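Please read them with the structure open beside you.

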Amino acid sequence: MSATLTVVIPAYNEAGTLQEVVARVQAVDIPTELIIVDDASTDGSAELAARIAAEADNVTLLRHDRNHGKGRALRTGLEAATGDFVIVQDADLEYDPADYPKLLNPLLQGRADAVYGSRFLTSSEHRVLYFRHYLGNRLLTLLSNLATDLNLTDMESCYKVFRRELLQSIVLEEDRFGFEPEITAKIAKAGARVYEVGISYHGRTYAQGKKIRPIDGVWALWCILKYAMKPLRRRHAR
């Protein structure tokens, strides 16, 4: 595989899982650039990430002086990406990097500009958790589809892979969990060719560090409405 993949890992207090996530990414047989963005962790995640970056030629650590949220961390990492394609990888163990090859396949074949990993469009293993989260996800995905005229099954999925040129041509604004509906609305307005593939999912509990809260669902709803009405802003080609 001659194409390169940038993996952006936003991290906030993920010292318990970060090293394992990086090891799993490194185990995938794909030329990979890793960008860890520490969002002002207080549990030693930044120090751990610094050690990881010092030991690996393909890992870069970027740090925020104060906590801004997942969306801002992603914006920081995406701006620094240099690979042909870019994927979002959470710093926990909910998503498995072993799914990268099938996520990349439509991009490598030139059929897609963006690929979403669906936790619902799959026969792969899937931990059973939180029925109300499932309902909320399905509702947000439905409303997003109504706004974008896409036919996604899992708009809120972490696993999203993009052509880097597409991603870096779009002005992103959200600091927290509004990234998912924002980027979905904006790539739809950009006319991107979007594919979905089924992925495995190993959800974690709040006791294990899950951070999303009901207020984030309310904000996602606002973002669906906001970016449905807001004109797309583009950057100059890099």
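1. Contact, as used throughout this note, means heavy atoms within 4.5 Å. On that basis Ser41 touches Ala11, Tyr12, Asn13 and Ala46, not counting residues up to four places away in sequence.

2. Two cautions on the source apply to every point. This is a predicted model, in which local features need pLDDT of at least 70 and side-chain atom pairs count only at pLDDT 80 or more, while totals for chains, interfaces and linings use all residues. Residues are numbered from 1 along each chain as its sequence is written, and side-chain values use heavy atoms, with hydrogens and water left out.

3. Ser41 sits in the loop between strand E2 (32-38) and helix H2 (45-55); helices (H or I, at least four residues) and strands (E, at least two) are DSSP runs, numbered from the N terminus. Ser41 counts as buried because its relative accessible area is 16%, where buried means under 20%, exposed over 50% and partly exposed in between (1.4 Å probe, protein chains only). The side chain of Ser41 reaches the backbone nitrogen of Asn13 at 2.8 Å, and a polar contact of 2.6 Å joins it to the side chain of Asp38. A polar contact is a pair of N or O atoms within 3.5 Å; within protein, one must be able to donate a hydrogen and the other to accept it, and residues adjacent in sequence count only if both atoms are side-chain atoms.

4. Arg163 belongs to strand E6 (residues 160-163) and is partly exposed, since its relative accessible area is 27%. Although Arg163 and Phe85 are 78 residues apart along the chain, their C-alpha atoms are separated by 4.6 Å. The side chain of Arg163 also makes a polar contact with that of Asp113 (2.9 Å).

5. Glu156, in the loop between helix H5 (131-148) and E6, deserves a look: it is buried yet has no salt bridge, and the nearest side chain of opposite charge, Lys160, is 6.2 Å away. A salt bridge is a side-chain nitrogen of Lys or Arg within 4 Å of a carboxyl oxygen of Asp or Glu; Lys and Arg count as positive and Asp and Glu as negative, with His and the chain ends not counted.

6. The largest nonpolar core has 57 residues, and Leu103 is one of those with the most contacts inside it. Strand E1 (residues 5-11) supplies the largest share of this core, five residues. Such a core is a set of buried Ala, Val, Leu, Ile, Met, Phe, Trp, Tyr and Cys residues joined through side-chain atoms within 4.5 Å.
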